[in-house]
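Have a look at the model first, and then we can walk through it together.

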Amino acid sequence: MKQIILKEPVTPILGKNPFGGEAWIMFEPMPNGERGIFWKIPTSKKNTYKYIPIDYRIAKISKLHNIYLQYGKKKLFIYEHIGALRFTGLDSIAISASTWPPYLTSGTMFEKIMEHAEITNNEVPYLSFINSYGPLSLRENGLYKFVEIRPANHEVTKLNVSIDYKKLSVKGRASRTVTDELIAEIFPVGPQGISNLFKFISRLFNLEYHKIVVWPDEEISPDELQRKFLSHTMVDRLGEISLFSHYMLPSCEIKTQCAGHRMVFEAMKIITERENICTPVTDFVY
């Protein structure tokens, strides 16, 4: 995969967070071209910032079931939509944002980034695994859920996802290799609208959140609903596994059935311990 770098900072992207508050996110090139993806945080010294490598060591799962980053008292929520951008080849980049960034699809953010970016001839490095792991499985609410991660034969990432939303009568399966074509297909798709409470609140207050989410009962065919639910599940998988390393992409096949962020994180934790994955991490201060 070819590396994409920023030629200049992206104009701050403004919008509303899921709760209707003002929010922003900004993407900038790393000051000295350091490889990988970093979180830019202000220090106590005026006009000085710390750049934190983003990987599983600073990631957690929130009570609202999204991924967030935490460093000291600083937090950045809904990281799964941001982390997925790594699979475009985006590299040498610093992210700064409000605690709850604008609720945007990965596609919207990528479009803004590409207005200020260029594709280089450099390849993004891959992280290889030695063994297969899983399936890590459980039975919950009548569903069999599992996660399995296997090494890939070459530098590529493969997704094999199954979904089954029984109450919505939406189920399906997709097996795809991560390519530019797949990114273009799945990045514009918003998350699955499975909470009637969030739907009521977002519609009542006319939140931007409501326009992005895929709601099952809003004039969409069963086939299109299945496609969109599977598409965003693949975006979530990419956001999760982007956290294996801040500068390498995982060369693996991840297979999941009805699994959420927390379950995938448990599998990632097992893998990082057994494979002794501990990529060099250095904080930069400028």
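How much space lies in the largest pocket? About 1,800 Å³. This is a predicted model, so local features need pLDDT of at least 70 and side-chain atom pairs pLDDT 80 or more, while totals for chains, interfaces and linings use all residues. Residues are numbered from 1 along each chain as its sequence is written, and side-chain values use heavy atoms, leaving out hydrogens and water.

A pocket here is an open set of points on a 1 Å grid over the protein atoms alone, where a 1.4 Å probe fits, with protein on both sides within 12 Å along at least five of seven lines; lining residues have an atom within 4 Å of a point. The lining counts 50 residues, and Leu64, His65, Tyr165, Gln192 and Ile194 lie nearest the centre of the pocket. By class, the lining divides as follows.

| Class | Lining residues |
|---|---|
| Nonpolar | 23 residues |
| Polar | 14 residues |

Next comes serine 62, in the loop between β6 (59-61) and β7 (67-71). The side chain of serine 62 reaches the backbone nitrogen of leucine 64 at 3.1 Å. Leaving aside residues up to four places away in sequence, serine 62 touches Tyr68, Phe77 and Arg262, where contact means heavy atoms within 4.5 Å.

Definitions and conventions. Helices (H or I, at least four residues) and strands (E, at least two) are DSSP runs, numbered from the N terminus. A polar contact is a pair of N or O atoms within 3.5 Å; within protein, one must be able to donate a hydrogen and the other to accept it, and residues adjacent in sequence count only if both atoms are side-chain atoms. Grid points are joined across faces, edges and corners, and a volume is the space filled by probe spheres set on the points. Ala, Val, Leu, Ile, Met, Phe, Trp, Tyr, Cys and Pro count as nonpolar, Asp, Glu, Lys and Arg as charged, and the others, Gly among them, as polar.
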